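Thanks for coming. I have one structure to go through today, and I will keep it short. Please have a look at it first.

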Amino acid sequence: MATDYDSPRKTDDDAREESLQEFQARRADASSDSIDVDETELADLVELPGADLSDEELSVRVIPPQADEFTCSRCFLVHHHSQRASERDDQPICLECAA
């Protein structure tokens with residue numbers, strides 16, 4: 001909706017004069033513009049967790065850890081050596097797990 005910035009603005013007295021019924025009527029008019037959505041059509045478009053994916057095939061290329069990387073012994077994520085905090089029981093720990 002276009003706004004006319006040259007039109008006179010309402011004063012506080014004008015704003016108080018508007019009744020609750022006018023506000024409710026405006027609100028009802030604004031809500032009538034909403035679009036009706038069929039719930040069954042919407043449900044067909046949504047993929048729910050736990051869906052049967054037995055016919056799907058996933059192909060991922062696995063790259064082994066590089067020379068400048070290590071695997072954290074707590075979170076089991078591969079990190080760059082700059083994220084290495086310390087070793088506990090001869091096992092490397094990342095900065096996030098050490099915090």
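**Overview and the Phe-70 region**

To begin with the rings, there are 0 aromatic pairs in the structure. Keep in mind that this is a predicted model.

The protein has 4 helices and 4 strands. Reading from the N terminus, the order is α-α-α-β-β-β-β-α.

How much of the protein is buried? Of its 99 residues, 8% are buried. The accessible surface is about 9,600 Å², and carbon and sulfur atoms account for 51% of that. As for contacts between residues at least 6 apart in sequence, 4% of them link residues at least 24 apart.

Next, the core. Which residues make up the largest nonpolar core? There are 5: Phe-70, Cys-72, Ile-93, Cys-94 and Cys-97.

Let me stay with Phe-70. Leaving aside residues up to four places away in sequence, Phe-70 touches a list of residues that includes Leu-77, Val-78, His-79, His-80 and His-81. Ile-93 and Cys-94, also among its contacts, are members of that core too. Arg-84 is another residue that Phe-70 touches, and the charged end of Arg-84 sits over the Phe-70 ring, 5.4 Å from the ring centre.

Strand 3 covers residues 84–88 and strand 4 covers residues 91–94; the two pair in the antiparallel sense, with 4 bridges. One of the bridges joins Ser-86 to Ile-93 in strand 4. Together, strands 3 and 4 form a hairpin with 2 residues between them. In the turn, Asp-89 has a positive phi of about 55°.

That is what I have for today.

Methods: Residues are numbered from 1 along each chain as its sequence is written. This is a predicted model: local features need pLDDT of at least 70, side-chain atom pairs count only at pLDDT 80 or more; totals for chains, interfaces and linings use all residues. Side-chain values use heavy atoms; hydrogens and water are left out. Rings of Phe, Tyr and Trp (its six-membered ring) pair if their centres lie within 6.5 Å; planes under 30 degrees apart count as stacked, over 60 as edge-to-face and the rest as tilted. A charge sits over a ring if NZ of Lys or CZ of Arg is within 6 Å of the ring centre and within 35 degrees of the ring normal. Buried means under 20% relative accessible area, exposed over 50%, partly exposed in between (1.4 Å probe, protein chains only). Contact means heavy atoms within 4.5 Å. Accessible areas come from the Shrake-Rupley method with a 1.4 Å probe; for residues, only the protein chains shown count as cover. A nonpolar core is a set of buried Ala, Val, Leu, Ile, Met, Phe, Trp, Tyr and Cys residues joined through side-chain atoms within 4.5 Å. Two strands pair if DSSP finds at least two bridges between them.
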